[in-house]
Amino acid sequence: GEGMPGSSSVLDLQPDVSDQPIVGPALRVEGHTLKWEGPPSENEAQAAEEGESGRDPWQQPLGIRVLFEARVEEKAASRLLLENCGTTAVYYAWQHLPRPNPLGVFQAGGIQRFYFDTRGGVLLPGQRLSFPFTFKSPSAGIFSETWALQTGPVLAGGRPLVITLRGVAFQEDLHARRREDIEETL
């Protein structure tokens with residue numbers, strides 16, 4: 001009968017929470033939901049201009065890593081899923097963030113290892129974008145680049161969404177067998 005343990009009803013088959021759109025601008029990036037939190041108040045804007053803000057949005061970035069692993073000279077691909085889960089269009093743009101170098105150490109660079117479409121765009125409500133990235137390195141090592149995904153309207157109270165691309169390029173050990181033979185001989 002009804003209300004008895006073990007009995008089921010039509011309501012048991014329905015999820016408790018449905019995926020309704022968020023009213024206003026909102027973006028879901030790899031499971032992180034960024035919402036519009038309104039414009040900063042006049043006091044916050046004035047304090048930020050004067051450098052007196054108690055809440056520095058740059059101190060608490062939202063970080064996402066995109067990882068790659070490949071042999072030298074081979075390509076590795078990965079994707080970042082963006083979804084407009086709000087009720088208004090969200091514009092986005094990429095900004096490269098230079099690597100900090102507080103000690104002034106020479107950094108070898110100039111070789112591009114990460115490839116993706118750095119042009120901005122717009123996501124309409126309900127639209128999903130699987131953003132492709134490619135990693136390819138001419139030499140072995142661990143490499144990274146950092147990018148900020150900027151949105152309009154500004155989401156998450158202005159906290160930056162920082163995307164770190166991290167690639168590991170490895171080279172096969174061509175002399176492993178010969179080294180093992182030498183070790184056995186010794």
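In what sense do strands E1 and E4 pair, and over how many bridges? In this predicted model, E1 and E4 pair in the antiparallel sense over three bridges, and Leu27 stands opposite Asn84 of E4. Strand E4 also pairs with E8, again in the antiparallel sense and here over eight bridges, with Glu83 standing opposite Arg128 of E8. Strands of a sheet pair through backbone hydrogen bonds, and the pairing may be either parallel or antiparallel.

The chain as a whole contains two helices and 10 strands, and its elements, read from the N terminus, follow the order β-β-α-β-β-β-β-β-β-β-β-α. Of its 186 residues, 26% count as buried. Among the contacts in the chain with a separation of 6 or more, 79% are accounted for by residues 24 or more positions apart.

The mean pLDDT of the chain is 80, and 75% of the residues reach 70 or more. The highest mean, 96, belongs to strand E6 (residues 114-115), whereas the lowest, 48, belongs to helix H1 (residues 42-49). Over residues 50-55 the pLDDT stays under 50, and for this stretch the model has five contacts beyond four places in sequence. Where pLDDT is low, the predicted coordinates should not be read in detail.

An open sheet is formed by five strands in the order E3-E10-E9-E5-E7, with mixed pairing. Its edge strands are E3 and E7 (121-123), each of which pairs on one side only, and neighbouring strands of the sheet are turned against each other by 30 degrees on average, direction ignored. Within this sheet, strand E3 (residues 62-71) pairs with E10 in the parallel sense over 10 bridges, and Leu67 stands opposite Arg166 of E10. Strand E9 (residues 141-152), by contrast, runs antiparallel to E10 and is joined to it by nine bridges. Across this second pairing, Leu149 stands opposite Leu161 of E10, while Ser144 has Arg166 as its bridge partner in E10. Strand E10 (residues 161-170) is largely enclosed by the rest of the structure, because seven of its 10 residues are buried.

The largest nonpolar core comprises 29 residues, of which Leu80, Trp94, Phe133 and Leu165 touch the most other members. Two or more residues are given to this core by each of the strands E1 (26-29), E3, E4 (76-84), E5 (90-97), E8 (128-135), E9 and E10, and E3 gives the most, with five residues. In soluble globular proteins, nonpolar side chains tend to be buried together.

Thr151 is placed in strand E9 and, at 19% relative accessibility, falls under the 20% cut-off and so counts as buried. A polar atom of the Thr151 side chain lies 3.1 Å from the backbone oxygen of Pro153, and a polar atom of this side chain lies 3.3 Å from the backbone nitrogen of Leu155. Not counting residues up to four places away in sequence, Thr151 touches Leu27, Val90, Tyr91 and Tyr92. Of these, Leu27 is the residue that stands opposite Asn84 of E4.

Gly121 is found in strand E7 and is partly exposed, with a relative accessible area of 22%. Apart from neighbours within four places in sequence, its contacts are with Val90, Tyr91 and Tyr92, residues that are also touched by Thr151. Gly121 and Ala93 are separated by 28 residues in sequence, yet their C-alpha atoms are 6.7 Å apart in space.

Note on methods. Residues are numbered from 1 along each chain as its sequence is written. Side-chain values use heavy atoms; hydrogens and water are left out. Buried means under 20% relative accessible area, exposed over 50%, partly exposed in between (1.4 Å probe, protein chains only). Helices (H or I, at least four residues) and strands (E, at least two) are DSSP runs, numbered from the N terminus. Two strands pair if DSSP finds at least two bridges between them. Axes are lines fitted to C-alpha atoms, for helices over the stretch in contact, and angles run from 0 to 180 degrees between N-to-C directions. Contact means heavy atoms within 4.5 Å. pLDDT is the predictor's confidence in each residue, from 0 to 100. A nonpolar core is a set of buried Ala, Val, Leu, Ile, Met, Phe, Trp, Tyr and Cys residues joined through side-chain atoms within 4.5 Å. A polar contact is a pair of N or O atoms within 3.5 Å; within protein, one must be able to donate a hydrogen and the other to accept it, and residues adjacent in sequence count only if both atoms are side-chain atoms.
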